[in-house]
Amino acid sequence: MTIPGVRLLTTVILALTWGGPAPTAANPAVGTSTVSFASVVPAPATVAPAGGVTYRITATTTIWTEPGSAAATDIAGQLAAILRRSTGYALPVTAASGSTPADGIALLLSGAPTGLGAEGYQLDVTTASIVVRANAAAGLFAGVQTLRQLLPPAAESATAQPGPWDVAGGRIVDYPRFAHRGAMLDVARHFLPVSVVQRYIDEIALYKVNRLHLHLSDDQGWRIAVDSWPNLAIYGGSTQVGGGTGGYYTQAEYRQIVAYAAARYVMIVPEIDMPGHTNAALASYAQLNCNGVAPKLYTGTKVGFSSLCVSKEITYTFLDQVLGEIAALTPGPYLHIGGDEASSTTAADYATFLNRAQQIVAARGKTVVGWHDIVNAPVLPSTVAQFWGTTTSNAAVASAARNGTKIIMSPANRTYLDMKYNSRTRLGQRWAGYIEVQDAYGWDPGAYLTGVGEASVLGVEAPLWTETIETLADVENMAFPRLPAIAELGWSPASTHDWTSFNQRLGAQGPRWRVMGINYYHSTQVSWPAGS
């Protein structure tokens, strides 16, 4: 998509800066120095710099919205809350009457180019004002995330800093390449409390990730309360990998996560894995086992040994009630049913089970998502397959794509955030290989899998499995800096894909992450400036 009147962003333009030189050891993007365009991740679609022009946020700055726009007011409130802490300024949020305000920061749901879609935005910075325009609230939120990155890193501080607070002048017109830009958090292997999930939502939203896939059940634990089957959480959620007390979300806590994510334009995609990866459920209810005997709770890391009993009708009563409750708690359109590594289920039983499970999800008004194993059985036309393989060809996935199945790209050797960076990485696994930052960035989701063209790709997702992950610090160390790399592949035009440029822009995030307290991995592949 090309927006008239604005140059396409190319590698050449990416090599230019917007508002000053790129961050270097001699000119770090830290403190309150003016931040260059070379600091923005994901790369915007188009940019028109205005050399020598800056806007300065001061004690008299007001954040303006349009009258009656609750969504814009909420977004403005989030921006104000961040900047009030760091600047010490009042930054009132006020509804403008009449024409566009001549000064201050304006967040407007009007006047944006029509071709931007629901998530695109236009950002204009002059000496008098900053104006973000979008056609929908999600686009306005995306524009604010770009604005945050154009502010000095100290703007993210939790305490007042001295300033000045300058933003380089120019225009950005921006929109996403793919609709689905996801992160997955496995809370089943090790339970992660609400506060950790919310913190991760804040971190991924800054990079325009708009889906959080929560892996809520596995052999080692069941992590959401289900009123019709209470032992799932009470007993099935009582342990985790390596032992320990585990945990689960009450339905009120799950709603809290959903609402928190929605306020940051992140959709929650819940996953209940089936028919395998179900030991926690089987241990909680003996009647779900074909032999009627409940296995012991499991705290190891093996896979493929568990299966729901396909031949028992109670299995489908179980699915209907469990998925029905989760569907009612989840406003988004998707329910993820897993479907991977079902080694203890025969191919015939797998097909039978998948058919029933898909119908149950559809009856609840939701769209099925499953790991790409599901395409080895018949799938509904609406079902979405998530590719997690380690090769660039998969005949079954390519066939499904030709028949209209949309694909989420999560190749394990590119996107799995639980893979070690290298042999010295303390956390993580290595079955899919080591994944350094350049590996995470160095592929094209729209041309990666043979026979799966860009039109068949719904988007990208970066899963983080937690066999070895126990804390927020662990999550952050494995996700950053690789998650922003994958986020850029999902958002930015393919024409912007350039490692040299990305390396510079990614490095500029280091001082910001330091201010934010993100426990990121200092990859030697990245040119980190002073202050990182």
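**Close-up views of a predicted model**

The protein chain of this predicted model has an average pLDDT (the predictor's confidence in each residue, from 0 to 100) of 93, and 93% of the residues score at least 70. Residues are numbered from 1 along each chain as its sequence is written, and side-chain values use heavy atoms, with hydrogens and water left out. Local features need pLDDT of at least 70 and side-chain atom pairs count only at pLDDT 80 or more, whereas totals for chains, interfaces and linings use all residues.

**View 1. The segment of residues 1-30 has pLDDT under 50.** For these residues the model has 83 contacts (heavy atoms within 4.5 Å) beyond four places in sequence.

**View 2. Helix α16 spans residues 509-516 and is largely enclosed by the rest of the structure, because 6 of its 8 residues are buried.** Helices (H or I, at least four residues) and strands (E, at least two) are DSSP runs, numbered from the N terminus. Buried means under 20% relative accessible area, exposed over 50%, and partly exposed in between (1.4 Å probe, protein chains only). The buried residues of α16 are Gln 509, Gly 510, Pro 511, Arg 512, Trp 513 and Met 516. Their packing partners are α3 (137-150), α4 (194-205), α14 (482-491) and α15 (499-507).

**View 3. A disulfide (a pair of cysteine sulfur atoms within 2.5 Å) links Cys 290 and Cys 309, with an S to S distance of 2.0 Å.** Both cysteines lie in the loop between α7 (279-284) and α8 (313-329), so the pair ties together parts that are 19 residues apart in sequence. Cys 290 counts as exposed at 57% relative accessibility, whereas Cys 309, at 2%, counts as buried. By the distance rule, the count comes to 1 disulfide.

**View 4. The largest cavity holds about 90 Å³ of space.** On a 1 Å grid over the protein atoms alone, a cavity is a set of points where a 1.4 Å probe fits but cannot get out, and lining residues have an atom within 4 Å of a point. Grid points are joined across faces, edges and corners, and a volume is the space filled by probe spheres set on the points. Of the 13 lining residues, Glu 119, Phe 141, Arg 181, Lys 208 and Tyr 265 are the closest to the centre of the largest cavity. Helix α3 supplies the largest share of this lining, 4 residues. The count comes to 4 cavities of 30 Å³ or more.

Conventions: 1 Å grid on protein atoms, 1.4 Å probe; cavity = no way out; pocket = protein on both sides within 12 Å on 5 of 7 lines; lining within 4 Å.
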